[in-house]
2 protein chains.
Amino acid sequence: MENFRRIPSHIGIIPDGNRRWAKQNGYEKKDGYEHGIMPGFALYKLMLEYGIKEATFYGFTKDNNKRAPDQRSAFTKACVDAVHLLSGKDANLLVIGNTDSTAFPRELYPYANKRVHFGQGLINLNFLVNYDWEWDLNHLKEQGKLASWDIPRVDFIIRWGGRRRLSGFLPAQSVYSDFYIVDEYWPDFQNTQFLDALRWYQDCDVTLGG
Amino acid sequence: MENFRRIPSHIGIIPDGNRRWAKQNGYEKKDGYEHGIMPGFALYKLMLEYGIKEATFYGFTKDNNKRAPDQRSAFTKACVDAVHLLSGKDANLLVIGNTDSTAFPRELYPYANKRVHFGQGLINLNFLVNYDWEWDLNHLKEQGKLASWDIPRVDFIIRWGGRRRLSGFLPAQSVYSDFYIVDEYWPDFQNTQFLDALRWYQDCDVTLGG
């Protein structure tokens with residue numbers, strides 16, 4: 001196990017490239033999502049091993065619901081399966097998303113907007129499911145706090161799939177996040193990609209503007 | 001002049017690395033800022049040439065005010081000088097920042113929170129001066145709209161100085177911005193850096209989540 005001088009407390013994960021991976025491997029686009037579940041589990045174990053205290057996974061957004069119905073079913077199922085796979089392990093789970101919409105999966109109601117503690121609770125795992133940055137900021141406007149208020153500042157964001165943008169990921173919490181881009185698609189997750197990211201992060205000079 | 005298939009409408013500029021440049025070149029840290037003014041003017045001319053319609057420059061933030069007094073004076077003066085240099089040209093100027101604080105320079109009051117039109121008004125140029133992302137979001141909470149409501153969504157953010165983070169730059173407007181990092185420090189600005197960035201941008205696949 002590698003030693004790092006400095007480890008992020010809270011990591012944001014943008015697991016992009018499922019559809020491009022599917023196309024590249026001769027599947028239908030929708031079939032990419034189910035190949036993204038085991039990578040998430042592998043990453044969870046790796047984060048435990050390296051003492052990461054909190055991680056937020058970008059599940060799907062309101063904008064993603066514009067996609068074809070078979071893709072919507074597939075990414076929704078993948079989110080539900082991922083949360084179920086991690087429930088009962090040593091993690092505290094929290095799902096943040098707009099539950100007032102039918103796009104929010106009923107299976108995840110038990111975790112919606114309240115954290116559920118499992119086992120030794122070694123890590124906080126948050127999932128953005130039917131999330132929408134405008135919905136999040138509207139809560140601030142109308143109810144005086146973010147819908148995602150229970151998710152703290154994100155130190156480090158790792159995005160798979162080569163794109164260099166946030167795509168609406170927690171705008172208030174990512175103001176000081178350092179970004180790392182993995183060019184490979186998410187279903188091609190490898191432990192080494194995460195370790196490369198941590199190695200890069202330990203040399204980031206954090207000033208918070210000072 | 002190079003032809004691009006696709007040009008961003010609104011570019012965010014994070015001109016970082018002034019102090020590291022000063023140190024590298026045998027100056028005092030504070031002396032870096034004045035070497036960042038002519039690069040901004042060169043970039044303005046280049047943006048006009050390529051038909052960019054709007055640009056937002058990250059001047060300084062509330063957090064930057066934690067720095068040594070001589071640095072504070074220097075970056076404040078550099079912001080004032082940059083705005084003065086561009087006033088009277090063919091640009092519409094707008095300064096967004098917290099004017100309730102003494103850290104906001106009086107010389108920029110005429111441009112504060114209202115756009116001032118000059119000449120042919122070929123480009124909108126916005127400057128964030130004594131800006132603070134929390135102050136911006138607090139306006140949304142308390143007054144129903146962002147303090148920066150007059151600045152539209154940013155398509156593309158170019159950051160000089162190698163760091164890969166937003167550092168609080170317009171969190172609501174940068175949700176879908178593509179990021180490009182220039183490793184060189186801002187006072188070492190070269191036209192080619194900007195053209196490389198535009199070349200990269202034209203191949204970004206914009207989906208807005210769909």
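1. Over all chains, the salt-bridge count comes to 23. One of these pairs has A:R165 in the loop between β6 (156-160) and β7 of chain A, and B:D178 in strand β7 (residues 178-182) of chain B, so the pair joins two chains. The coordinates come from a predicted model, and the N to O distance of 3.0 Å between the side chains of A:R165 and B:D178 is a computed value. A distance of 3.0 Å can be set against the cut-off, which asks for a Lys or Arg side-chain nitrogen within 4 Å of a carboxyl oxygen of Asp or Glu.

2. How many salt bridges are there between chain A and chain B? The count is 2. Polar contacts between chain A and chain B come to 10 residue pairs, with both residues at pLDDT 80 or more.

3. Which elements give two or more residues to the side of chain A that touches chain B? They are α4 (133-143) and β7 (178-182) of chain A. Sorted by class, that side of chain A holds 14 nonpolar, 8 polar and 11 charged residues.

4. On the extent of the interface, 33 residues of chain A are in contact with 33 residues of chain B. The area buried between chain A and chain B is about 3100 Å², and carbon and sulfur atoms account for 51% of it.

5. The next two points concern helix packing. Two packed helices are described by the angle between their axes and the distance between the axes. In chain A, the axes of helix α2 (residues 37-49) and helix α3 (residues 69-86) come within 10 Å and cross at roughly 35 degrees. The crossing of α2(A) past α3(A) is right-handed. From α2(A), the residues A:I37, A:M38, A:F41 and A:Y44 take part, and they meet A:A78, A:D81, A:A82, A:L85 and A:L86 of α3(A). By class, this contact has 8 nonpolar residues, no polar ones and 1 charged.

6. In chain B, helix α2 (residues 37-49) packs against helix α3 (residues 69-86) at an angle of about 35 degrees, with the axes 10 Å apart. Is the crossing of α2(B) and α3(B) left-handed or right-handed? It is right-handed. On the α2(B) side the contact uses B:I37, B:M38, B:F41 and B:Y44, and on the α3(B) side B:A78, B:D81, B:A82, B:L85 and B:L86. The contact of α2(B) with α3(B) divides into 8 nonpolar, no polar and 1 charged residues.

Technical notes:
Residues are numbered from 1 along each chain as its sequence is written. Chains are lettered from A and ligands numbered from 1 in the order in which they are written. This is a predicted model: local features need pLDDT of at least 70, side-chain atom pairs count only at pLDDT 80 or more; totals for chains, interfaces and linings use all residues. Side-chain values use heavy atoms; hydrogens and water are left out. Contact means heavy atoms within 4.5 Å. Buried area is the accessible area (1.4 Å probe) that two parts lose on being put together, summed over both. A polar contact is a pair of N or O atoms within 3.5 Å; within protein, one must be able to donate a hydrogen and the other to accept it, and residues adjacent in sequence count only if both atoms are side-chain atoms. Helices (H or I, at least four residues) and strands (E, at least two) are DSSP runs, numbered from the N terminus. Ala, Val, Leu, Ile, Met, Phe, Trp, Tyr, Cys and Pro count as nonpolar, Asp, Glu, Lys and Arg as charged, and the others, Gly among them, as polar. Axes are lines fitted to C-alpha atoms, for helices over the stretch in contact, and angles run from 0 to 180 degrees between N-to-C directions. A crossing is left-handed if the near helix is turned anticlockwise from the far one by less than a right angle, and right-handed if clockwise.
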